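Dear colleague,

I am handing over the structure we spoke about, and below it you will find my notes on what turned up when I went through it. Please read them with the model open beside you.

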Amino acid sequence: MTDRRRLSIAGRQLTTFLVGMSIMLVSWVMDAALDTAFERGSFFTQLLSPADHDMAIRIWFLATVLFFIVYISRNNTRQRQQEARVRAALHSAELERSRSQAILESLGDAISLQDLEMRILYQNKAHIAMMGEHLGEYCYQAYQGQEAICSGCHLDQSYRDGETHKTERQALTAQGLRCTEIISTPLRDASGRIVAGVESVRDVTERKRADLEIERMNRELELRALELVEANRELESFCYSLSHDLRSYITRISTAQQILSQNPQLEDPELAYPAGIIEESCRGMEELIEAILTLSRLSRETMHWEDVPLSELAQQVVLQLRQGDLQRQVEVVLQPGIVVRGDRNLLRVILENLFANAWKYTAQAPVPRIEMGSTTCEGRRCFYVRDNGIGFDMADQELLFHPFKRLKNAQGYPGTGVGLATVERAVQRHGGRVWGEGALGEGASFFFTLPEKMESAVAGE
């Protein structure tokens, strides 16, 4: 209670006391005047020294007056307290109404409130802007021009079953075809009895357009998928032709070269040179066909996920390279204990091509060295194969993983130009990425990732 309120109460109490004393004093004086008129004696004698029976009557009268004054004072106090409680309740109700109205206005949907007879009790600004102001009118008359409740009215259905109902409608407006979503919900009092209904109207035109666009895109994706299936069939046919028809021609050429090589006349260097070119070309063509077939198979083979010891797999690849080139002495450093989750065959393809690449381009290094391990790249685990070979110019980095694109400083080395493209395809099948870093004459490093999220997802299957 504030000081101002305390002073107000004290002032009212003092006023009541003074009024009461004034009434009592006036009544005493009037009683003395009446006694003087009907009995003997002076006015002052009756005022100051009345007889015993007069004193008793006056005291009884004053007590009666005092009782009524106290009663009226208390009654006034209770009435003022009741008025204060009513004002507080009205103020609280007004605050709650303002808060509820602010919430309804901020929702963005057009919201109205209707009673059980479908009379509109409330409309927020969005509803008025959409439907016009119709407070006090029946909704079926205001919105539909009907004389009775519309057939299939969603709000009437909510009154009947006590459930929330949703419906969608379309209407042609000045802005074109508009789609609205109407949600009706019954409103209950504290006892659970339905007393009104809330109707929410939402413009879903843009959402419908987005849904139609998604459907259109899905249909296009289905068509693209069919085209992709057909392209894959053509690719399989091409691969069959590549592996069967072309190899048959190469076999014939190679056979003819072997027959010619048995001719004693080929001991002449002028004849032996073209025969060697034929043999080398046949071998290169076989390698190119095999590389293209491998690149093609990577996109079509089913992946088999498992835990793969990458370090052990790398040891097998290095051993295979040493057996194929016994004369070379290459220092190979492998980080032990690396285990990843992926497809063993594809991981082997990645390592075979990366190590073969490093083995080839360290041929001119004084002390050739190849290293494989794992590190952290941008907060994620990645793996690398590093060498101290001829390296490459970072300006040509975009050409590294393009099929048949060979860098200028790699022209004198054997190869098909498909190896790194094969690595990229195998890494992408795992959901990772691959990139290279290097400098001319300072070696090259190739990094690839196998995302841990992919590993965890597959592990949980």
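I begin with D156, which is buried, its relative accessible area being 18%. Please keep in mind throughout that this is a predicted model. The partner of D156 is R160, and the two form a salt bridge in which the closest N and O atoms are 2.8 Å apart. Both residues belong to helix α6 (residues 154–161), where, being four residues apart, they are separated by about one helical turn.

Five strands form an open sheet with mixed pairing, in the order β7-β9-β10-β12-β11. Its edge strands, each of which pairs on one side only, are β7 (331–334) and β11 (434–438), and from one strand to the next the twist averages 25°. Within this sheet, strand β9 (residues 369–377) runs antiparallel to strand β10 (residues 380–387), and eight bridges join the two. I370 stands opposite D387 of β10, while C377 has R380 in β10 as its bridge partner. On its other pairing, β10 is joined by six bridges to strand β12 (residues 444–449), also in an antiparallel arrangement, and here the bridge partner of D387 is A444.

The hairpin of β9 and β10 has two residues between the strands, and in it E378 takes a positive phi near 55°. E378 is exposed, with a relative accessible area of 74%, and its side chain meets that of R433 in a salt bridge (4.0 Å, N to O). Because E378 lies in the loop between β9 and β10 and R433 in the loop between α11 (419–429) and β11, this pair ties together parts that are 55 residues apart in sequence. R433 itself is partly exposed, at 42% relative accessible area.

The structure holds one disulfide, which joins C377 to C382 with an S to S distance of 1.9 Å. The link is right-handed, with 40° about the S-S bond, and both C377 and C382 are buried. C150, by contrast, is in no disulfide, the nearest cysteine sulfur being that of C153, 6.2 Å away; C150 is partly exposed, with 27% relative accessible area. The sulfur of C153 is in turn 5.7 Å from the closest cysteine sulfur, in C139, which is too far for a bond, and C153 counts as buried at 14% relative accessibility.

Finally, there is a nonpolar patch on the surface, formed by F67, F68, Y71 and I72, which together have about 440 Å² of accessible area. Of these residues, F67 has its place in helix α3 (residues 52–106) and counts as exposed, at 51% relative accessibility.

Notes:
Residues are numbered from 1 along each chain as its sequence is written. This is a predicted model: local features need pLDDT of at least 70, side-chain atom pairs count only at pLDDT 80 or more; totals for chains, interfaces and linings use all residues. Side-chain values use heavy atoms; hydrogens and water are left out. Patches are made of residues with over 30% relative accessible area and no salt bridge: like charges are joined within 9 Å, nonpolar side chains (Val, Leu, Ile, Met, Phe, Trp, Tyr) within 5 Å. Accessible areas come from the Shrake-Rupley method with a 1.4 Å probe; for residues, only the protein chains shown count as cover. Buried means under 20% relative accessible area, exposed over 50%, partly exposed in between (1.4 Å probe, protein chains only). Two strands pair if DSSP finds at least two bridges between them. A disulfide is a pair of cysteine sulfur atoms within 2.5 Å. Axes are lines fitted to C-alpha atoms, for helices over the stretch in contact, and angles run from 0 to 180 degrees between N-to-C directions.
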